[in-house]
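Work through the exercises below with the structure open. Each task is followed by a stepwise solution.

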Amino acid sequence: MEKPSNLLLKVSRRLFTNLDEQEKFIEALMNPQPFSPSILWCQEKSETLPLAVETPTSWQPQFIDRLSLGEKPGQHPLHEKGYFYCLDFSSVFAATTLLAIPQSVRLVFDMCAAPGGKSIFAWKALQPDLLISNEVIGKRLGMLISNLKRCQISPSVVVNRDSSIFAQMFPCSSNLVIVDAPCTGQSLLAKGEKAPGCFHPTAINKSANRQKRIIANSAKIVSSQGYLAYMTCTYSPEENEQVCEWFLERFPHFQAIEISNLAKYQSHLTTMPCYRMFPQDKLGAGAFTVLFKNTNDDEDERKEIDLNTISSLYIYQNLKK
């Protein structure tokens with residue numbers, strides 16, 4: 001096996017003081033092993049499951065099945081019919097924070113939505129009156145629309161604008177805003193994929209600055225007593241805990257919420273309630289997740305989105321209930 005790069009070694013030392021944990025983390029990235037695939041049931045589960053299923057984790061939602069290694073759910077006829085959506089189990093972990101939202105959710109806004117897994121998870125878990133899925137990168141819109149259409153996700157619309165536009169157009173409007181932030185994608189290595197330059201300080205800092213801009217714009221869309229879910233698929237503290245600390249300094253009316261089901265995944269790099277899955281946990285390639293609540297209680301601040309006004313923004317819509 002080739003030697004780990006100095007940049008990987010540096011990140012591993014920042015993440016873990018324990019040498020054994022450093023070695024396990026590096027091994028998981030340098031010698032990636034397959035993870036069990038998982039599926040999200042968009043329609044009712046079949047009484048007889050068509051695929052071999054692993055024992056659920058304690059925090060796993062009921063509408064998720066983690067499958068046995070070697071299963072290929074994307075090739076099953078029920079996938080093509082939209083019965084389920086295939087997603088990485090790390091994505092399930094990251095989105096599980098949404099289950100801690102106690103009240104009904106009228107409007108969900110997914111700011112960085114493609115290919116659609118977090119949007120579909122939020123739709124299934126929270127059954128909002130409307131799901132708005134935004135994707136700023138034009139070439140990623142096709143896969144997002146295809147997945148929402150195949151899985152019959154409605155009422156939903158797809159839009160394609162920068163987060164700053166929505167911060168101006170829809171202030172204080174959304175009960176939940178999801179920011180599955182663009183990142184350096186370091187966890188791709190644990191899947192055996194390429195992520196050139198993902199540990200370089202320049203790439204990490206550039207990514208962190210972009211994340212701060214997106215989360216700041218997204219916060220302005222959250223209604224009073226609403227929620228902001230922030231998540232990444234990378235390991236660097238600069239893109240995770242440090243973004244959250246920066247965010248709370250500038251938006252002190254937000255508060256990070258404890259997720260009791262994920263307590264054993266609490267990040268050891270901060271006292272803030274936020275949660276990490278690492279590839280050496282052997283469940284998925286890795287994720288970071290945190291749920292913030294807007295503690296403002298001013299009903300007058302809440303704004304309704306006028307669908308007629310924004311209809312010109314739609315790239316795709318399915319408004320049937």
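This is a predicted model: local features need pLDDT of at least 70, side-chain atom pairs count only at pLDDT 80 or more; totals for chains, interfaces and linings use all residues.

**Exercise 1.** Which parts of the chain does the salt bridge between Lys191 and Asp88 tie together?

*Solution.* 
- Step 1. The closest N and O atoms of Lys191 and Asp88 are 3.9 Å apart.
- Step 2. Lys191 belongs to the loop between S7 and helix H8, and Asp88 to the loop between strand S3 and helix H4, so the bridge ties together parts 103 residues apart in sequence.
- Step 3. Lys191 is partly exposed at 39% relative accessible area. Asp88 is partly exposed too, at 23%.

**Exercise 2.** Where do Glu21 and Lys24 lie, and how many residues apart are they?

*Solution.* 
- Step 1. Both lie in helix H2, 3 residues apart, which is about one turn of the helix.
- Step 2. An α-helix has 3.6 residues a turn, so residues three or four places apart point the same way.
- Step 3. The side chains of Glu21 and Lys24 meet in a salt bridge of 4.0 Å, N to O.
- Step 4. Glu21 is partly exposed at 26% relative accessibility. Lys24 is partly exposed at 41%.

**Exercise 3.** Which strands pair with S4, and in which sense?

*Solution.* 
- Step 1. S4 (residues 107-110) has Leu107 and Phe109 pointing one way, Val108 and Asp110 the other; all are buried.
- Step 2. S5 pairs with S4 in the parallel sense over 4 bridges. Here Asp110 stands opposite Ser133.
- Step 3. S7 pairs with S4 in the parallel sense over 3 bridges. Phe109 stands opposite Val177.

**Exercise 4.** Which residues of helix H1 are buried, and what do they pack against?

*Solution.* 
- Step 1. The buried residues are Leu8, Val11, Ser12 and Leu15.
- Step 2. Their arc around the axis is only 100 degrees, so they lie on the same side of H1.
- Step 3. Asn6 and Arg13 are exposed on the other side.
- Step 4. The buried residues pack against helix H2 and strand S10.

Note on methods
Residues are numbered from 1 along each chain as its sequence is written. Side-chain values use heavy atoms; hydrogens and water are left out. Buried means under 20% relative accessible area, exposed over 50%, partly exposed in between (1.4 Å probe, protein chains only). Helices (H or I, at least four residues) and strands (E, at least two) are DSSP runs, numbered from the N terminus. The arc is that of the directions from the helix axis to the C-beta atoms. Contact means heavy atoms within 4.5 Å. Two strands pair if DSSP finds at least two bridges between them.
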